[in-house]
Amino acid sequence: MAGQHVALVDVDPHAPTEPEVTIPVFKRLCAPQGLATKRQLRARGLRPGGQGPVAEVETRGPRNGLLYEIAKARPVRPMTLAKEYALDKAMAARQTCGSCRRRYHFVLPTSLPAAWSATTAPPPTPPLTPRPRPPTSWPPERTPLD
C-alpha cells in the first residue's frame, strides 16, 4: 500500500443495496377482482400457499392489509390426528406449571420474576378449618330486664 493512493468514497451504511420493490396500494373496498386478503381466503377454504403478497389495501387500522391472488391460492390442509396430538402436546407444555405439574386452562407466563422460584416461594397456606360455633336457638331467648 505504500506509494499507492486509494480514493475514499462516502458510503451510506443504511442505504438499501437493492432498489426497493413497491406493490400497489388500493383504497378500502376498491381492490380489483381476483385478489383477496388472508381472511377472505380463509372464508373460502383457501390459504396463500407460499405466494407473496401482490398488493395492499388500506385499512382503518395502522397497518395495511395484504392482498393475494385467488388463482394461486391452495386449499386449506385439514387437521390430522398427528397434528392435533402435536398441538395438544405443545399447549400442554405451555399450560402446565413446572413446580406443581398442574395444567391450567390458560397459557402460563414464560418467565417468572428472577427472585421467585419453586424453592423460594412461600409455602402454601393450610386450608382454613371452621371454628365450632356455640349452639344458638332461634329466636333468641329473651331475658327479663331488671
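**Ground rules.** I am working with a predicted model, where local features need pLDDT of at least 70, side-chain atom pairs count only at pLDDT 80 or more, and totals for chains, interfaces and linings use all residues. Residues are numbered from 1 along each chain as its sequence is written, and side-chain values use heavy atoms, with hydrogens and water left out.

**Entry: Gln51.** I found Gln51 in the loop between strand S3 (46-47) and strand S4 (55-57); strands here are DSSP runs of E, at least two residues, numbered from the N terminus. Is Gln51 buried or exposed? Gln51 counts as buried because its relative accessibility is 15%, and buried means under 20% relative accessible area, exposed over 50% (1.4 Å probe, protein chains only). I then saw that its side chain reaches the backbone oxygen of Glu69 at 2.9 Å. Setting aside neighbours within four places in sequence, I listed Tyr68, Glu69, Lys72 and Ala73 as contacts of Gln51 (heavy atoms within 4.5 Å).

**Entry: Gly65.** I placed Gly65 in strand S5. At 17% relative accessibility, Gly65 counts as buried. Not counting residues up to four places away in sequence, I noted that Gly65 touches Ala55, Glu56, Val57 and Thr59. Its C-alpha atom is 9.8 Å from that of Phe26, 39 residues apart along the chain.

**Entry: Ala71.** I located Ala71 in the loop between strand S5 (65-69) and strand S6 (74-75). Ala71 has 76% relative accessibility, so I logged Ala71 as exposed.

Terms used: Helix = DSSP H or I, 4+ residues; strand = E, 2+ residues; numbered from the N terminus. Polar contact = N/O pair within 3.5 Å; in protein donor to acceptor, adjacent residues only side chain to side chain.
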